Amino acid sequence: MAKFVLAGRAECPYYAKAELLADYLQKNLPDFRVHKITQHPQVWEEWLKDLCEKNKWSHKKSPIIWRELLDRGGKGLLLGGYNEFLEYAQLYYGVTSSMTTELMKLIAQENLETHKEKELEEETRKDLINPLQVWITSASGRVCYNLIPILTSGEVFGMHTEISLNLFDNKQAEEDLHIIVTETWNLVAPLLRSISICTQVEDAFRQAHVIIILDENTDGEVYSLEDCLRSRLPLCRLYGYLIEKNAHDSVRVIVGGKTFVNLKTFLLMRYAPNVAHNIIAVALGVEGQARAVLARKLRTTPSCIKNVIVWGNISGNNYIDLRKARIYRYESAIWGPPNYSRPVLSLIFDSEWVNRQYVETLKKLTATGKQFGAILAAHSIATTLKYWYHGSPPGEIVSLGVLSEAVNLLDLTPQPTSEKPFGQEAINDSEDRSVEEQQN
């Protein structure tokens, strides 16, 4: 029996042509068998290099075809690429291929889509077997207490994704952590596979898929950038080292809280450079406050106001942009279906309130942090995670702290979800600019 292995890039036209020829031979020849392997274009070259080094072959293009010597054992006999396979089929079986270039490209594209679907299915199966490892820092605080029921409900990661919670805090908080563990088990959440406590720094973030960085217990006592740098820089350096060392390669890190959020996110990116693209800061709390103040002014509910954009520093100097803000289901002389909306600025005739009182109110809320409590922080983190995993509402704009591609500063950047859930632009951030000047 002749068994051939056909491997190639998922979107390679010549792999598609060789695949069709191999399928024809397998269908019409009782002793001909073929095993097909596709690899994503991004990993193909590395996969091919490892294969050739293992078998001591020399081959650099897609596809690669070899014959397995079933009756003799051994590593297999390299046949070559598409041309060699075509010559072999013509010589031994009198079969050739007449596939057109257009058909080759069409099948190659279908192969790539099929490969992506199989990868997604495989990831889903792994999630069912291996629960999502979620780590929460400063877990003895009130934010974590309010966050756990949301995470275990299935609303954030999906109703088919089991999770394992890992509560990380210092040794002094161990008793409080045990109380939280007991209460969490009492929820009888079907998606909660396990919950554990970690007070040993060296064990933090092991195999973490998601890391939620909350405010430290001392954050409320820090009032200046200098104090924050002195107290937070060593901690962020340690967290960055542990994330790089212990966490999963595809870990997602989300920074929430009400004090120096941009700064802490930037420091984590600095000290965990390999996962910097997967570190974000939560801004929905500030956005929610801005929408709530507008709702009180217009005598409606905050959920009716959308597309309020927050620029700048999440927990410091920022600018609330209302140019794209819309209001839905607003009771006035003009009425429409549920999807009908009107510009918010067209309904606020007091420009003095918009330009001064509104700004001062929000600035006061940000400065004191009194109304940014545990419930709002937990809800903002959970909602941001849900958007990150499943996409944000179509047509809405949400705010999020991400790293700018244009300059080495941390920006708060909104993006219409009709294009993609989160985007990146270059917006100067005074807090992070200060960090750059001090560190440089």
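The chain averages a pLDDT of 84 in this predicted model, and 85% of the residues score at least 70. pLDDT is the predictor's confidence in each residue, from 0 to 100. Now look at residues 407-440. There the pLDDT is below 50. This stretch still has 110 contacts in the model beyond near neighbours in sequence. A contact means heavy atoms within 4.5 Å. Where pLDDT is low, the predicted coordinates should not be read in detail.

Some ground rules. Residues are numbered from 1 along each chain as its sequence is written. Local features need pLDDT of at least 70, side-chain atom pairs count only at pLDDT 80 or more, totals for chains, interfaces and linings use all residues, and side-chain values use heavy atoms, with hydrogens and water left out.

Next, the backbone. Which peptide bond is cis? The one from serine 62 to proline 63, with omega near 5°. Proline 63 sits in the loop between α2 (41-55) and β3 (64-68). Helices (H or I, at least four residues) and strands (E, at least two) are DSSP runs, numbered from the N terminus.

On to the loop between β7 (192-198) and β8 (210-213), where we find phenylalanine 205. Its phi is positive, about 70°, although phenylalanine 205 is not a glycine. Is phenylalanine 205 buried or exposed? Buried, because its relative accessible area is 0%. Buried means under 20% relative accessible area, exposed over 50%, partly exposed in between (1.4 Å probe, protein chains only). Glutamine 207 lies in the loop between β7 and β8 too. Its phi is near 55°, a positive value in a residue other than glycine.

Last stop: leucine 235, in helix α7 (residues 225-246). Leucine 235 counts as partly exposed, because its relative accessibility is 22%.
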